[in-house]
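Student: I am new to this structure and would like to understand how its parts are arranged. May we go through them by question and answer?

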Amino acid sequence: MSIKTTVMKTVKWLFGGAGLVIVVGVLVAYMTFRASLPTLDGRIITSEVQQDILVERDKNGNATLTAGNRLDLAYATGFIHAQERFFQIDLSRRMAAGELSELFGPLALKMDQKNRMHRFRTRAKTAILELSDSNRALLKKYVAGINDGLKGLDSKPFEYWLLQQEPQPWTEEDSYLVIYSMFFALQSGTINTEWQRYYLEDSLDPRLVKFLLPNKTEWDAPLQPDAEPWTPQEIPSATVLKNHPTELAMITGEEADVPGSNNWAVSGKITKNGAAILSNDMHLGIRAPATWFRLRLKLSDDSLDISGVSLPGTPLIIVGSNGSVAWGYTNSFVDTSDMVDLKINPDFDQQYMTPEGYKDFVVYDEEIKVKDAAPVRLKVRETIWGPVIEADNGKLFALKWVAHQPQAVNMGLIRMETVKTVADAMRLAPGNGIPAQNAMLADVEGNIGWIHFGALPKRKPGNYERAGDWSDGTLGWTGWLNFDERPKVFNPANDRLWSANSRVVSGADYANVGDGGADIGARQKQIRDDLMRLGTGLVEKDLYAIQLDNRAVFWDRWQQQLLLVLNSSNDGRLQPFITAVKNWGGRAAKSSVGFRLVENYRKSVYRGLTTFLTGPCTVKFKSCNYNIATHQMDSPFWRLVDQRPIGWLPAEFKDDWQAFFEQRALAAWAPVVSGEVALADYTWGAENRSLIRHPLSQSVPLLSYLTDMRPAMQDGARGKMPHIAGNSFGQSERIVVSPGHEKDGIMNMPAGQSGHPLSPYYGAGHEDWLTGKMTPFLPGDTKWSLQIAPER
């Protein structure tokens, strides 16, 4: 045999052996991956339950749990939450507790240090002690279900293999931490708003600050009419801008997403079935899998049958219908926090002034565990009002926040499972321990109501819009608003209710709950107007259509203003855009070139005005961000755009507003102006593509092909219209339901039920959500059936 033949055989053997090793490796990885799939069929025996439980799933994984008692339902809920979503609930508890670094290493340390300041794990342990015996027992049983569900997997969830970590058991306080994570998602913006308003006030002329931070705008559509109609703000003298930049520098940053929602209800007087109808779509960051988990809970004696969405990591239905009452939420943006201006002892900087004299800071030594690194120590200083926060200028404040109080989180929502009327549900509002929400309620008798769910502070008289000095006892909290003290609306004469994260109340009620950075009222106003156009004999699809309303009402005046600018311009570079802007279609449609031109022009004008008007603030405070200080900026900005006052532009423009507008348009459309993108390809959908990803998919090569949803062009916009749709932000569920008529209800949800990409229903229902297809509120026919039985 020749040397050449021997060498070739050796090479083939090596390649063949290497190929076999690769195949075996892939096969082992695949089988390990599959081993963490949930158990869908069969029978499980456990000492934790008293009676048989039936777990049914339809083709999309939507679950129906039937048991003989409520504790067994709690166990089964925990079991399926763990089997389907353990990694996701682990992220939620770790984010709230400031423990992500233990999984991800130094990459997550900055976030952990920020969140650990709140010491939510310790607060959760304290708050749990306030639970009734029955609710504590239910929580314990849910925790047992989670831990058994995790242990019941043949392999740990695949994410832990990728991270080379072991999942840690679930505890009672972990479920509270999941709720605290929602406080971060929904209420931390209120804290940031107050910070930013402090920065603006400390660096800008007071007259300018007042102009930039309006309390009311022309877009408001509250449920309670204002005693006095809105009037346009007076533009201050240009002398308020004497220290502002002379040239327009480029800035980054956009309007902040508003974590919130839409909800509305119509009374039985104008529905076909005589029961009220509720609509709710909650707006959050969207990733794979979904935030929510669709669930139906039933007791075998028919004393309970409740359907809706649960929050994995917690045992209750968050939004849904119990057959008698349906309910849904929008983030309320009432004032649930205050910044306390600390007066430090000039002779000893470890003390601060209180109404009882100087007190020492209480210092907690927190340890943050870090993967592949030494633990990091963090000292947290606390006052009688809350933890200490340091501003960019070194000034110290204390944070007084509802979330830090034991009343903030509890199991109060369990009472919604059996409540029979809207009136009774409204009375439960103060005791529902969740982030403050606009609760929209509808019942089978046709009644509708609105009230705030969650703890709301009762304050001493005074100004709480900005940071204040509480050291003499003049300012402070005195307790919690009870039912009688809360604003509320029950069965309005027009048979319609609505809310969309904007100001809902007026007058004394508005002063009582305060402003926590509410959204501009454009979306809420459009919803109100849509409802008012509806007649009688309404059915679910009539309300669902409003959820997908993408008419660009808010943008109408910007389109007209832009068209005037283009028609008045002598710059040849702008002429090709006139036809597209003129024929924009008036909708945030994915095929529209004109809407994208108008929207990006509007944002470009915003950026230019923000850069100039808040320039001194960004110089003095590195964290200054007007986009967080208010969501009402369109009202003062439009006044400037419409009136074109002298002295309100950087000196480089020489008071030539037309030149400013042209520059902003050219900057906004730079890819088209430069020839990089053809105008015909500059569609709204090309920019507004859905990008819904698994938390690890950007860090692990090729994982995205398994876990991420298909990117797709979308109708809708990131705000200011009912159909909210951004790249990774939008309608986290859509629900329309009439209590007692759940079989006719509608629900769809992005990214599906399962957290496992090899699940037979991974991502199921996502395309229906993406296209707006109406799908049933209740789970469908059973495809998989699992029995959980007691030891006998």
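**Sheet and helices**

Tutor: In this predicted model, an open sheet of 11 strands shows mixed pairing, in the order S1-S28-S2-S3-S6-S7-S8-S9-S17-S18-S21.

Student: Which are the edge strands of the sheet?

Tutor: An edge strand pairs on one side only. The twist from one strand to the next averages 25°. The edge strands are S1 (42–46) and S21 (488–490).

Student: What is the bridge partner of Ser307 in S8?

Tutor: Strand S7 (residues 305–310) and strand S8 (residues 317–321) run antiparallel and are joined by 4 bridges. In S8, the partner of Ser307 is Ser321.

Student: What angle does the direction of helix H2 make with that of S6?

Tutor: Helix H2 (residues 70–97) packs on the sheet and touches several strands, among them S1, S7 and S28 (784–790). Its direction and that of S6 (293–299) make an angle of about 160°.

Student: Are H6 and H8 roughly parallel or roughly perpendicular to each other?

Tutor: The axes of helix H6 (residues 133–151) and helix H8 (residues 172–203) come within 9 Å and cross at roughly 95°. Angles of 65 to 115 degrees count as roughly perpendicular. H6 and H8 are therefore roughly perpendicular.

Student: Which residues in H8 do the residues of H6 meet?

Tutor: The residues of this contact divide into 4 nonpolar, 1 polar and 3 charged. From H6 come Arg136, Leu139, Lys140, Tyr142 and Val143, and they meet Glu172, Ser175 and Tyr176 in H8.

Terms used
Residues are numbered from 1 along each chain as its sequence is written. This is a predicted model: local features need pLDDT of at least 70, side-chain atom pairs count only at pLDDT 80 or more; totals for chains, interfaces and linings use all residues. Side-chain values use heavy atoms; hydrogens and water are left out. Axes are lines fitted to C-alpha atoms, for helices over the stretch in contact, and angles run from 0 to 180 degrees between N-to-C directions. Helices (H or I, at least four residues) and strands (E, at least two) are DSSP runs, numbered from the N terminus. Angles under 35 degrees count as roughly parallel, over 145 as roughly antiparallel, 65 to 115 as roughly perpendicular and the rest as oblique. Contact means heavy atoms within 4.5 Å. Ala, Val, Leu, Ile, Met, Phe, Trp, Tyr, Cys and Pro count as nonpolar, Asp, Glu, Lys and Arg as charged, and the others, Gly among them, as polar. Two strands pair if DSSP finds at least two bridges between them.
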